[in-house]
Amino acid sequence: MTAFTGNHILSVDQFDREAIEKVFEVAATMQPYARRQKRTTVLDGAILGNLFFEPSTRTRVSFGTAFNLLGGEVRETTGMSSSALAKGESLYDTARVLSGYSDIIAMRHPAAGSVAEFAQGSRVPVINGGDGANEHPTQALLDLYTIQREREYQGKGIDGLHIAMIGDLRYGRTVHSLSRLLSLFKNIRFTLISPKELAMPSPIIDAIENAGHQLTITEQLEGNMDADICYQTRIQEERFPSQDEANKYRGKFRLNQSIYTRHFQSNTVIMHPLPRDSRAEANELDNDLNLNPNLAIFRQTDNGVLVRMALFALTLGIEDKVAHYERDVVWFSNKSSE
Amino acid sequence: MTAFTGNHILSVDQFDREAIEKVFEVAATMQPYARRQKRTTVLDGAILGNLFFEPSTRTRVSFGTAFNLLGGEVRETTGMSSSALAKGESLYDTARVLSGYSDIIAMRHPAAGSVAEFAQGSRVPVINGGDGANEHPTQALLDLYTIQREREYQGKGIDGLHIAMIGDLRYGRTVHSLSRLLSLFKNIRFTLISPKELAMPSPIIDAIENAGHQLTITEQLEGNMDADICYQTRIQEERFPSQDEANKYRGKFRLNQSIYTRHFQSNTVIMHPLPRDSRAEANELDNDLNLNPNLAIFRQTDNGVLVRMALFALTLGIEDKVAHYERDVVWFSNKSSE
Amino acid sequence: MTAFTGNHILSVDQFDREAIEKVFEVAATMQPYARRQKRTTVLDGAILGNLFFEPSTRTRVSFGTAFNLLGGEVRETTGMSSSALAKGESLYDTARVLSGYSDIIAMRHPAAGSVAEFAQGSRVPVINGGDGANEHPTQALLDLYTIQREREYQGKGIDGLHIAMIGDLRYGRTVHSLSRLLSLFKNIRFTLISPKELAMPSPIIDAIENAGHQLTITEQLEGNMDADICYQTRIQEERFPSQDEANKYRGKFRLNQSIYTRHFQSNTVIMHPLPRDSRAEANELDNDLNLNPNLAIFRQTDNGVLVRMALFALTLGIEDKVAHYERDVVWFSNKSSE
């Protein structure tokens with residue numbers, strides 16, 4: 001991948017290390033705008049088509065906010081029943097039509113492959129906001145960007161990282177995509193912790209091993225691991241064959257402060273793709289961790305805005321013009337608090 | 001309450017008389033913008049998170065419009081099923097995440113207390129847009145602001161007012177909150193008219209009496225009352241134990257021009273929180289009152305925009321900067337007609 | 001019709017030839033903005049109330065985009081269940097309230113006549129975005145604008161046109177409205193092709209004949225017609241008494257490249273109101289026509305933005321000020337590609 005301008009963002013497979021570093025470099029320049037230290041209007045007049053054929057409040061709002069923060073407008077659609085798709089319209093037609101109404105599209109859809117199919121009919125760049133069990137590249141990028149920033153605080157880079165991934169590694173697409181991206185870096189150590197039935201799929205395992213990284217597979221948290229990152233997951237109930245099947249594994253990998261102290265280092269960063277299930281029977285990340293400064297889950301969602309701003313800026317080719325359209329912010333803002 | 005900037009607006013109990021007067025003073029300065037005589041861009045670049053986990057078209061659009069009129073952008077969500085809340089996410093987490101996407105939040109939710117709970121996780125000010133049977137402070141403020149303005153036309157203030165409240169005084173949270181606010185003023189005379197079963201709850205009665213106001217409770221409209229304001233309500237069907245129970249009272253307190261003439265003065269102002277049920281079996285306010293210049297119901301909803309603009313301006317600390325970012329309006333506008 | 005400013009757009013019957021030509025003249029000036037060659041902020045601060053009480057993604061987004069492209073903001077509502085209408089509020093009240101929140105309203109509603117009823121309560125101009133089986137004037141205008149532009153490429157005007165209308169001419173309101181508009185021009189030749197049961201209603205037939213146009217009615221595509229325009233329709237399943245009834249006619253008038261070659265000229269323009277049903281059993285316009293440069297269906301939807309921009313500009317009285325608020329576009333754009 002050498003150029004972003006005018007291109008779709010459909011899969012993490014599009015990214016090489018250089019492209020990732022470019023995204024992160026641009027994301028870092030977005031921070032003053034996201035924190036409301038400055039305002040930019042570089043995309044004044046541009047329109048994002050924010051098409052969430054499958055609802056997802058947090059991802060939808062994050063894309064919309066990222067576009068607003070660059071000065072653009074957002075036209076949105078949520079859900080599918082009401083759409084022309086229900087009248088037998090092809091994704092190609094929908095794309096041809098709706099791409100006439102916007103400058104760039106962010107799209108989520110429940111069917112794997114649907115966003116790529118849609119992109120073929122689109123006359124503007126399409127960013128995949130999640131296509132079912134398939135891909136969610138902006139989540140993987142914001143996860144990796146978070147890792148990079150957390151490591152920076154420790155004076156380190158991504159290379160040489162030890163990451164522990166815990167829980168539903170089979171259906172959790174975020175750990176799949178993140179693993180693929182991490183494989184592009186050097187000397188990563190993966191510790192994969194899950195019941196056998198929810199193990200990481202073998203194509204991902206192969207990719208990790210072929211890239212020469214170190215891999216440990218286990219079914220339990222054991223001893224004190226020297227992991228830099230603990231990436232906890234949610235049981236992807238909606239992807240299991242049945243609710244009963246999902247229930248078997250719910251609550252199997254709870255993490256709270258005392259478990260953390262036992263198995264992790266005092267500066268191990270805790271990540272999770274969110275939402276975390278706070279009901280007693282699941283409790284993937286106990287609320288007592290909220291006081292732990294290594295809990296990075298809300299820094300992840302904040303970083304999502306920066307990464308999405310960067311992707312918009314790059315695909316619309318204005319990454320170097322953002323600061324030129326800068327203004328002061330006059331309202332009360334405490335955006336730097338997280 | 002001394003400072004607004006950076007604080008939440010959760011309950012009418014936060015307001016003392018001075019705070020109310022500050023809100024109304026700022027609301028009055030918003031009129032040229034709401035009437036499109038001028039345009040302001042003071043909040044250019046700011047984002048409102050308009051989170052309506054319980055749908056309410058009119059309140060949602062009113063908040064959104066108020067924010068747009070100050071120059072800001074609006075990111076919205078409607079309904080709950082699709083939300084992460086359904087996956088067991090706590091309100092605290094939702095707030096931590098979504099508050100990272102906006103500068104201020106307006107929120108409605110069906111559960112009493114939920115907005116305050118949400119506010120604890122929010123990193124930006126939260127304005128309660130209605131939390132079930134509990135509170136709807138902006139409605140109470142717009143009602144009181146309307147009373148103030150209607151009284152102004154008559155050369156009077158809020159002190160010394162005689163208000164008749166009619167109908168479902170038990171479940172109608174607007175009359176509860178309005179009564180609390182009015183109790184902060186002087187020499188108010190309350191006439192409460194409802195079936196015993198739908199009487200005003202005793203904590204409100206106590207508050208009125210403890211503040212030394214005059215109180216009359218009755219079950220029927222009788223004779224010619226010298227009320228300045230007639231505040232009519234809707235049967236809150238959704239809060240009754242059953243539809244049958246609600247039906248008993250539907251249509252019990254119809255008001256039309258001839259009833260108005262019999263029981264009220266020629267300049268008694270008619271108010272209602274809207275929507276009014278125009279079906280024959282309810283008919284709380286007959287359409288023949290549409291010609292009555294004292295019918296203030298649409299002035300109420302217009303005033304709602306002013307009050308919400310004022311609350312945004314105060315919580316974001318820009319109430320003194322609005323005029324500085326003023327521009328001319330160039331398009332056709334007949335916004336001064338109501 | 002002589003003046004647009006401040007008036008509602010409810011029906012094609014409002015338009016005479018002069019008014020249509022005015023809309024099209026203004027629409028043509030909108031092209032640089034729609035193609036992102038330039039940006040205008042003439043409506044900066046204006047708010048569109050985009051009220052889709054019946055969902056329609058494409059029409060809703062088209063209206064919203066058109067308003068954004070003029071620099072305005074959009075407040076939206078979709079669906080009806082959650083609305084105050086469900087609590088017995090009259091359309092008049094809804095209009096009085098919601099018109100207080102916007103400068104202009106675009107509205108779709110499932111009930112015929114509802115938009116006109118709503119307009120009576122509105123304090124701002126209302127544009128009908130479709131009221132059930134009744135009217136959808138902006139669709140008719142964009143269809144006719146497309147015809148004008150396609151004819152222009154051939155060095156001709158609308159007068160003297162030969163149009164073939166195919167399929168469900170009974171329930172397809174777009175062909176009704178388009179026929180009424182075409183009747184205002186000179187020497188139009190209509191060829192109406194449908195099963196008897198789905199024939200064009202007689203009031204439309206009468207209007208065509210009374211205006212002195214040439215009319216041919218048939219049940220089959222036959223021989224090589226010298227039509228300039230082939231206007232294909234969708235079976236309006238939702239308006240049939242039953243699904244079985246609708247199924248009888250589904251797929252009866254498929255059009256693909258080989259049928260096109262047999263029955264039409266090499267430059268006959270193909271139109272369709274979209275969405276086209278791409279499922280095998282319907283297949284109104286085969287995908288093999290996508291390569292045919294005469295397929296104008298996506299030019300129609302692009303033109304819809306221009307026509308809606310023109311209607312906004314005219315009803316808000318700023319059609320002559322648009323260029324005055326022009327700026328450069330700085331982001332990547334390939335909007336001229338269709």
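Between chain A and chain C of this predicted model, 14 residue pairs are in polar contact, counting pairs in which both residues have pLDDT 80 or more. The interface of these two chains also holds seven salt bridges. One salt bridge joins the side chains of A:R123 and C:D302, with 2.7 Å from N to O.

The largest share comes from α4(A), which gives five residues. Sorted by class, the residues of chain A that touch chain C are 15 nonpolar, 13 polar and eleven charged.

The contact can also be described by residue counts and by area. In chain A, 39 residues are in contact with 37 residues of chain C. The size of an interface is often given as the accessible area lost when the parts come together. For chain A and chain C, the buried area is about 3,400 Å², and carbon and sulfur atoms give 48% of it. Three residues, A:R75, A:Y101 and A:R123, supply 23% of the area that chain A buries against chain C, more than any other three residues.

Rolling a probe the size of a water molecule over the atoms shows where empty space is left. A search of the whole structure gives nine cavities of 30 Å³ or more.

The largest cavity contains about 330 Å³ of space. Its lining is made up of 25 residues, and those closest to the centre are A:R39, A:D44, B:R39, B:D44 and C:D44. Which classes of residue make up this lining? The lining of the largest cavity has 13 polar and twelve charged residues, and no nonpolar ones.

The second largest cavity contains about 120 Å³. It is lined by 16 residues, of which B:T233, B:I235, B:Y249, B:G251 and B:E284 are the closest to its centre. By class, eight of the lining residues are charged, four are polar and four are nonpolar.

Key:
Residues numbered from 1 in each chain as written. Chains lettered and ligands numbered in written order. Predicted model: local features only at pLDDT ≥ 70, side-chain atom pairs only at ≥ 80, totals over all residues. Heavy atoms only, no water. 1 Å grid on protein atoms, 1.4 Å probe; cavity = no way out; pocket = protein on both sides within 12 Å on 5 of 7 lines; lining within 4 Å. Points joined across faces, edges and corners; volume = space filled by probe spheres on them. Nonpolar A, V, L, I, M, F, W, Y, C, P; charged D, E, K, R; others polar. Contact = heavy atoms within 4.5 Å. Buried area = accessible area lost by both parts, 1.4 Å probe. Salt bridge = Lys/Arg side-chain N within 4 Å of Asp/Glu carboxyl O. Polar contact = N/O pair within 3.5 Å; in protein donor to acceptor, adjacent residues only side chain to side chain. Helix = DSSP H or I, 4+ residues; strand = E, 2+ residues; numbered from the N terminus.
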